[in-house]
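Reader: I would like to learn how to read the features of a protein model. Please take them one at a time.

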Amino acid sequence: MISSSDISVPCAAPEATAAPLLKGHGLPDFSAISTTQVNEGVPLLLEGLDADLTALEESLDTRMEGQEVLDWHDVFDPLHRIGERLRWSWGVVSHLNGVCNSSELREAHQRQQPAVVRFGNRLGQSRAIYLALALLKLQDSEEPLDGTRRRILEAELRDMRLRGVGLKGEEQEAFNAANQELAELSTRFGNQLLDATNGWSLTLRTPEEVEGLPASLLELLAQAAREAGDTATGGSEATAETGPWRLGLDFPRFGPFLKYSRRRDLREQAYKAHVSRAASGEHDNSPVLERILELRQLQAQRLGYANWAEVSLASKMADSVASVEALLEQLRVAALPVANVELKALAALAAAEGAPEASDLKPWDVSHWAERLRQRSFDLDSEALRPWFPLPRVLDGLFALCGRLFGLQIESADGEAPIWQGDVRYFRVSDAATNTPMAAFYLDPYSRPGSKRGGAWMDDCLGRSLAPDGTPVLPVAYLICNQSPPVGDTPSLMTFEEVETLFHEFGHGLQHMLTTVERPQAAGINNVEWDAVELPSQFMENWCYDRATLLGMARHWQTDEPLPEDVFRKLKAARTFMGGCATLRQVFFALTDLRLHSQWQSGSDRSPEDLRREIALSSTVLPLIPEDASLCSFGHIFAGGYAAGYYSYKWAEVLSADAFSAFEELGLENDDEIRATGRRFRETVLSLGGSRSPAEVFADFRGREPSAEALIRHSGLLLS
């Protein structure tokens with residue numbers, strides 16, 4: 001955890017005070033890192049890095065003026081050391097800002113971010129480094145580099161051009177100022193979204209207001225009420241049985257409430273609050289996102305591109321906006337009629353139940369009636385499945401799958417590594433056949449409204465590389481989820497969707513941890529095109545529906561009974577339930593992102609929201625309500641790395657579905673062949689990182705180019 005208790009300590013020298021943050025290697029000592037260290041250590045770090053960069057530039061200039069031949073190590077080794085020191089220290093600050101957010105840390109992050117951006121600009125625009133890289137490329141034609149080095153070199157030259165190395169004078173100054181403003185705006189967008197999400201709550205006090213809610217959700221809402229100091233009449237503590245119950249907009253509370261609540265008026269109230277987050281008042285993200293779009297457009301033009309989408313695609317698998325539009329249109333055309341059929345089925349059930357909304361379904365009705373239809377069609381209650389998915393058993397099943405497919409042994413190492421919060425766990429990964437250590441990972445599984453941003457993600461704590469003394473540095477991953485926390489003596493009982501999310505993030509972690517690439521610039525997810533990086537994560541989700549995997553991990557947390565066979569069959573049958581709506585939703589998000597960054601123009605009469613609503617006319621089955629301002633909470637593209645890249649989920653899903661179909665074609669019960677194919681997946685997709693193009697890596701695994709057929713089939717988009 002971040003501690004602010006030492007902010008006023010006056011007697012320690014800055015270097016000593018900042019030491020844990022400036023260590024630059026190994027696992028961070030999270031509990032020893034304070035806001036004081038951020039404010040004192042980051043300037044010291046940047047001062048040292050600036051001096052190192054100057055020395056490198058002078059050395060390269062001298063050697064090039066003397067027409068000396070440059071070696072790969074002359075450029076890339078010192079460049080990596082500089083980048084890694086910055087990534088390690090600033091990465092810790094950014095990580096803690098995401099998982100242990102506080103006003104003190106947020107302020108320190110905002111104070112130091114401009115200087116970090118300025119140094120990043122200087123590094124990315126160094127003429128001496130760019131000329132040295134260009135010389136290496138020229139020498140490559142005479143003494144060829146190996147494929148990995150050539151790919152790293154070409155990517156670095158491209159990225160430096162995209163960072164403005166070719167700009168000069170006032171144009172470069174304007175470019176750098178815009179980069180700094182964009183970083184500040186992105187941080188502000190995320191902070192305001194977090195504050196707006198945490199700023200809304202609804203305390204429910206009567207049994208009528210919680211009609212239909214399952215026991216696990218009642219307990220979670222009562223726990224939230226206790227933590228907020230809400231008490232029952234007479235001052236007694238909130239309980240699941242008697243209330244009060246505190247609803248919030250974090251997904252572990254909001255999502256199940258929308259699904260199970262019988263109170264349509266309260267579903268409407270919660271839904272409208274959710275889609276209007278950060279859209280008004282002191283947390284209004286509307287001007288922030290419009291300014292972000294305006295600056296990205298200007299940056300693209302400065303770099304010689306027509307729009308930001310072209311900048312984004314310059315470093316991705318997709319070769320043009322038109323090719324992305326073509327994939328999304330293929331999926332839209334396939335999903336739209338299926339989604340319309342699905343919506344009619346919901347309306348029919350509502351009519352059969354005598355619900356007044358049957359003739360006029362609204363967005364806050366869809367999740368509720370979809371769950372009711374799911375229960376009726378498959379005799380499958382999502383909430384009733386929770387007791388079969390306690391987190392410890394799910395982890396056992398996930399680790400057993402990794403042993404089966406990839407030959408891994410994963411063991412708990414709690415207490416062997418520093419952590420940032422009491423619920424965080426630490427694990428070690430070894431090769432099962434040789435017992436050779438390969439990697440490690442942190443798991444931070446639970447939602448913490450108020451101090452942890454929403455969503456789920458993987459990030460690198462340490463990447464595969466060599467230490468200065470030549471010893472190997474094994475990769476370490478951060479795996480962050482926001483699933484339902486334990487309540488009282490009951491462990492975290494996961495929804496099936498939370499199980500899929502855990503498998504998804506672990507797929508990212510596997511690509512980071514199982515890399516065999518020795519060059520850190522292409523190890524793990526480094527140098528992997530963004531629209532291919534979701535391949536391993538989405539691939540892993542498929543195994544949640546594998547019989548051996550699911551029945552091996554799904555056991556009742558109290559009785560240890562296995563999940564009944566018929567329930568597994570129902571789960572598998574329900575896999576494509578509402579698949580049309582789910583696909584259409586992702587297509588709508590992707591088109592909105594892509595066209596905001598390729599078609600929208602600052603200063604036009606059409607606002608970003610106008611464009612989004614135009615897209616919705618052909619990409620949604622229910623019209624957007626007037627209160628829907630979801631752009632203001634679209635953190636993926638305004639506070640994350642998905643600008644003009646949200647389509648990547650579907651682009652990579654083509655690859656992941658096709659990859660999984662290789663196992664399906666063998667028969668998932670044919671264990672020997674599954675193991676052999678799993679090892680091939682490890683040796684290609686999970687091993688090769690960014691050392692080769694994703695198309696080549698996929699072809700190495702699959703033996704051919706990818707096809708969208710498996711994705712369309714897996715998504716249930718084939719109308720009978």
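Reader: In which hand, left or right, does H5 pass H8?

Author: A note before the reply: this is a predicted model. Here the crossing of H5 over H8 is right-handed.

Reader: At what angle do helix H5 and helix H8 pack, and how far apart are their axes?

Author: The angle is about 155°, and the axes of helix H5 (residues 103-124) and helix H8 (residues 169-198) are 9 Å apart. Angles over 145 degrees count as roughly antiparallel. H5 and H8 are therefore roughly antiparallel to each other.

Reader: Which residues make the contact between H5 and H8?

Author: From H5 come Arg106, His109, Gln110, Gln113, Pro114, Val117, Arg118 and Asn121. H8 supplies Asn176, Asn179, Gln180, Ala183, Glu184, Thr187, Asn191, Leu194 and Asp195. Sorted by class, the contact of H5 with H8 holds four nonpolar, nine polar and four charged residues.

Reader: How do H16 and H17 cross?

Author: Their axes come within 11 Å and cross at roughly 40°, with helix H17 covering residues 496-513. That angle makes H16 oblique to H17. H16 passes H17 in a right-handed crossing.

Reader: What classes of residue does the contact of H16 with H17 have?

Author: First the members: on the H16 side they are Leu391, Val394, Leu395, Leu398, Phe399, Leu401, Cys402 and Phe406. On the H17 side they are Val499, Leu502, Phe503, Phe506 and Leu510. By class this gives 13 nonpolar, no polar and no charged residues.

Reader: Which hand does the crossing of H10 and H11 have?

Author: The crossing of H10 and H11 is left-handed. Helix H10 (residues 251-260) packs against helix H11 (residues 264-275) at about 140°, and the axes are 9 Å apart. This makes H10 oblique to H11. In the contact, Phe254, Phe257 and Leu258 of H10 meet Leu266, Arg267, Ala270, Tyr271 and His274 of H11. These divide into six nonpolar residues, one polar and one charged.

Reader: Next, cores. How many residues has the largest nonpolar core?

Author: A nonpolar core is a set of buried residues joined through their side chains. The largest one here has 68 residues, and Phe389 and Phe441 have the most contacts inside it. Helix H16 (residues 391-406) gives the most to this core, with nine residues.

Reader: What is phenylalanine 441 in contact with, leaving aside its neighbours within four places in sequence?

Author: The contacts of phenylalanine 441 are Phe399, Ile410, Arg425, Tyr426, Phe427, Val429, Val476, Ala477, Leu479, Phe506 and Met513. Apart from this core lies another, of 58 residues, which includes Trp72, Phe119, Cys461 and Ala522.

Reader: Now the backbone. Is the peptide bond from glycine 243 to proline 244 cis or trans?

Author: The bond is cis, with omega near 0°. Proline 244 sits in the loop between helix H9 (215-228) and strand S2 (245-248).

Reader: What phi does glutamine 67 have?

Author: Glutamine 67 has a positive phi of about 55°, although it is not a glycine. This residue is in the loop between helix H3 (35-65) and helix H4 (72-99).

Reader: Where does methionine 578 lie?

Author: Methionine 578 is in the loop between helix H20 (565-573) and helix H21 (579-596). Methionine 578 also has a positive phi, about 60°, and is not a glycine.

Reader: Is methionine 578 buried or exposed?

Author: Buried means under 20% relative accessible area, and exposed means over 50%. Methionine 578 has 13%, so it is buried. Glutamine 67 has 72%, so it is exposed.

Reader: How far apart in space are arginine 161 and tyrosine 130?

Author: They are 8.9 Å apart, C-alpha to C-alpha, and 31 residues apart in sequence. Arginine 161 is in helix H7 (residues 147-162). With 43% relative accessibility, arginine 161 counts as partly exposed. Beyond its neighbours within four places in sequence, arginine 161 is in contact with Tyr130 and Leu303.

Reader: Which residues is alanine 417 in contact with, leaving aside its neighbours within four places in sequence?

Author: Alanine 417 is in contact with Leu27, Tyr426 and Tyr442. The C-alpha atoms of alanine 417 and tyrosine 442 are separated by 9.1 Å, and the two residues are 25 apart along the chain. Alanine 417 lies in the loop between strand S3 (408-412) and strand S4 (425-431). At 11% relative accessibility, alanine 417 counts as buried.

Definitions and conventions
Residues numbered from 1 in each chain as written. Predicted model: local features only at pLDDT ≥ 70, side-chain atom pairs only at ≥ 80, totals over all residues. Heavy atoms only, no water. Axes fitted to C-alpha atoms, helices over the stretch in contact; angles between N-to-C directions. Helix = DSSP H or I, 4+ residues; strand = E, 2+ residues; numbered from the N terminus. Parallel < 35°, antiparallel > 145°, perpendicular 65-115°, else oblique. Left-handed = near helix turned anticlockwise from the far one by under 90°. Contact = heavy atoms within 4.5 Å. Nonpolar A, V, L, I, M, F, W, Y, C, P; charged D, E, K, R; others polar. Core = buried A, V, L, I, M, F, W, Y, C linked by side-chain atoms within 4.5 Å. Buried < 20%, exposed > 50% of the residue type's maximum accessible area, 1.4 Å probe, protein only.
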